[in-house]
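Here is a short note for a colleague opening this structure for the first time. Please keep the viewer open and go through the points in order.

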Amino acid sequence: AAGAGSGAGGGPPSRCLEFVKSYTAHIGPVLALVVSQHEGDTAASVGQDGTIKLYDVGTFDVTGMIKTRNVRGGADDAGGDQIELGMHAAFLGEDQSLIAVSSASTPSPAGEDDSDSDDDGPAPQPSAGGAGVGAGAASSQRRDAGVGAIYVFSTVTLSPQPVKVVKLHASPVTALAYNAVHNCAISCDGKGVIELWDGSNLGGAGGKEGEEYASIGSPPVAARNGIRYASKFDTSLYDLMKKKTYAVALAISPNGSKFAIYGRDRKVRILDYATCKSVVTYDERSKVYDSMVQKRAEKVARGDRVDPSGIDAIEYGKRAALEREMDDTLVMSGGTETEAVLMRDSGSQLLSLQFDPTGRHILIPTILGIKVINLNSNKCMAVVVKADASALRFLSVCLCSGDARVDKQIQLARSGGSAAAIDHDESKKKSDALIVALACKKRRLYVFSHSDPVSEAEKNGDDEEAVIMNRDVMNEPPDADDMLVAGGGRGESENKLGNEAILRTTKGDIHIKLFPNAVPRNVENFCGHSKSGYYDDVIFHRVIKGFMLQTGDPLGDGTGGESIWGGEFEDEFVRELRHDRPFTVSMANAGPGTNGSQFFITTVPTPWLDNKHTVFGRVTKGMDVCTAIENVQTDELDKPLSEIRIMSVDIL
């Protein structure tokens, strides 16, 4: 297989890929990217910023946007939990006019109290007694109401209010897909539950307004959804629960007859859709490869011939180490672990499977490469990109079949109206399928095809070096702009970050060690505000003895402030940065992904704030100043009676 680039920079146009347009679609990570079925003419991206953006695939334009920030539950869940978009999405309906997105809400820890009298700040430690428990319990109940929910939005009205909230799961959703042939959605959760539900938006057509969505989320029926079982007990839908595992990837065959599940236990299960019974299971557990490597080593020791393309024990050890590391990331959690943070090296990557257009083969990313398995013979027909698997662990795979449909009108427009530029003889064109893959901890797309431009250059007598340059023109390392957009910039962005800050307050100086490598976005925001004078003359508006000191609000009442980019930005939770000691510097917020300018300094360990507020610094000097501020007299709103101000902030 050969990598394929674009023909940018004056080189000949590539038969494989052509760069068209780049979008900075969301403030923060993109959680999900999905394309409509049947025609594939609409795409949607789901961002951690609470927006869903829709695109026209043919014209490469944005066609709409759904803003869900500060929207609650749905029309049938008034006063419910605030919508938090998750990492799984699918288009629904016969006309694909609906989009379903999972909820990112996770269950509240037992006894957790979310009550908070401030609009934008950390909550004190939960009370051990009964006082104040009611409000916190109600808050926890509202938040838990969103756990496992699937929000269904209309791509026609673009209303931020869901037309339906499907609540079939009591645990966060780990996989979601739609069978467009039978108008049935399949969703899986972290407890191993697999649910099939009607995704038809025309089931109630002809009735009262809004009844077109009445059937969404209801159990599937034989007439409309093509199932052939009377009870789930007659199926294999409980197998994951029995094995105490859950799905981390889900794929449905193009003809809707089968679906595949990649389990947390690293087994791939193929199920028949109509009966929901297991057809075959492929074992990708490490012990299978341990045995394979051991047998190869024994053959080598005996002097027997072995496959030269196999992996030896040393190479396997390197790959196995990465497999174990993946267990602690979003990849093997289905995107639901709260501590597997989006801003880490693994990003918001998930594992994926794909059937080929015939439905007779399935592509599975494995430790060896991308396996192509024939579902009729249950044999591995090939291991694609086997040579690259030593350096790259491929996770997501997309098969783009050859003989793509060509829009002759666009070709005419690009050629200035000349039909001579169009090759009308389809028989002369070589079918060339592509595989586009993503690899673990890599911010690149890897494209593979049967075409080898270097070999073709040798046959045609062309300059091989020029061919390689044209092929790899888009495979260069990201430039400074790319890194800034990705939130992990170098070069100019390093100038915006500091390693230490000094808060010059009216009570004295507070020295803070910053963590730009671990939480770059939060440190960049803090340094940007500090250098611009945003924090100058800002007061400590909230001081609670035995808890924390809060500041950073230019309004001085806990309701103001925004990020250096305007508005709010995402959290960056890092396992090594916890609220496990006093004098921890952390971002204040009003909920997930609502960081602005406010921050606070703890005066005691506050472990209940972990995974709620981003830690970006520690006080290294001036603890006595913090203690002096902590001991000032305050009013009933915890505001100091005598103002304490930040005069300036120095970034070192």
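The points below go from the whole chain to a sheet, then to single residues.

1. Overall make-up. Please keep in mind that this is a predicted model. The secondary structure comes to twelve helices and 32 strands. The protein has 652 residues, and buried residues make up 48% of them.

2. Surface and contacts. The accessible surface of the protein comes to about 30700 Å². Carbon and sulfur atoms hold 51% of that surface. Take the contacts with a separation of 6 or more: residues 24 or more positions apart account for 60% of them.

3. A four-stranded sheet. Look for the open sheet with the strand order β17-β18-β19-β20. Its pairing is antiparallel. Which strands are at the edges? They are β17 (354-355) and β20, each of which pairs on one side only.

4. β18 with β19. Strand β18 covers residues 361-365 and pairs with β19 in the antiparallel sense, over five bridges. Within this pairing, Leu-363 stands opposite Val-372 of β19. The two strands form a hairpin, with four residues between them. Gly-369 sits in that turn and has a positive phi of about 140 degrees.

5. β19 with β20. Strand β20 covers residues 379-384. Five bridges join β20 to β19, and the two run antiparallel. Asn-374 has Lys-379 in β20 as its bridge partner. This hairpin also has its turn: four residues lie between the strands, and Asn-378 takes a positive phi near 55 degrees.

6. Cover on β19. How many of the residues of β19 are buried? The strand spans residues 370-374, and five of its five residues are buried. In a regular strand, side chains alternate between the two faces of the sheet. Here both faces are covered. Ile-370, Val-372 and Asn-374 are buried on one side. Lys-371 and Ile-373 are buried on the other.

7. Cysteines. A search of the whole structure finds zero disulfides. Cys-184 is in no disulfide, and its nearest cysteine sulfur, that of Cys-276, is 7.7 Å away. Is Cys-184 buried or exposed? Cys-184 is buried, with a relative accessible area of 0%. Cys-380 counts as partly exposed, because its relative accessibility is 40%.

8. A nonpolar patch. Val-20, Tyr-23, Phe-60 and Val-62 make a nonpolar patch of about 310 Å². Val-20 is found in the loop between β1 (2-3) and β2 (30-35). Val-20 is partly exposed, because its relative accessible area is 38%. Patch residues need over 30% relative accessible area, so that value lets a residue qualify.

9. A buried loop residue. Where does Thr-606 lie? Thr-606 is in the loop between β30 (599-602) and β31 (615-621). Thr-606 is buried, with a relative accessible area of 0%. What does Thr-606 touch, not counting residues up to four places away in sequence? Its contacts are Phe-547 and His-579.

10. Val-20 is partly exposed, whereas Thr-606 is buried.

How values were computed
Residues numbered from 1 in each chain as written. Predicted model: local features only at pLDDT ≥ 70, side-chain atom pairs only at ≥ 80, totals over all residues. Heavy atoms only, no water. Patch = residues over 30% accessible without salt bridge, like charges linked within 9 Å, V, L, I, M, F, W, Y side chains within 5 Å. Areas by Shrake-Rupley, 256 points an atom, 1.4 Å probe, with all protein chains shown as cover. Salt bridge = Lys/Arg side-chain N within 4 Å of Asp/Glu carboxyl O. Buried < 20%, exposed > 50% of the residue type's maximum accessible area, 1.4 Å probe, protein only. Pairing = 2+ DSSP bridges. Disulfide = S-S within 2.5 Å. Contact = heavy atoms within 4.5 Å.
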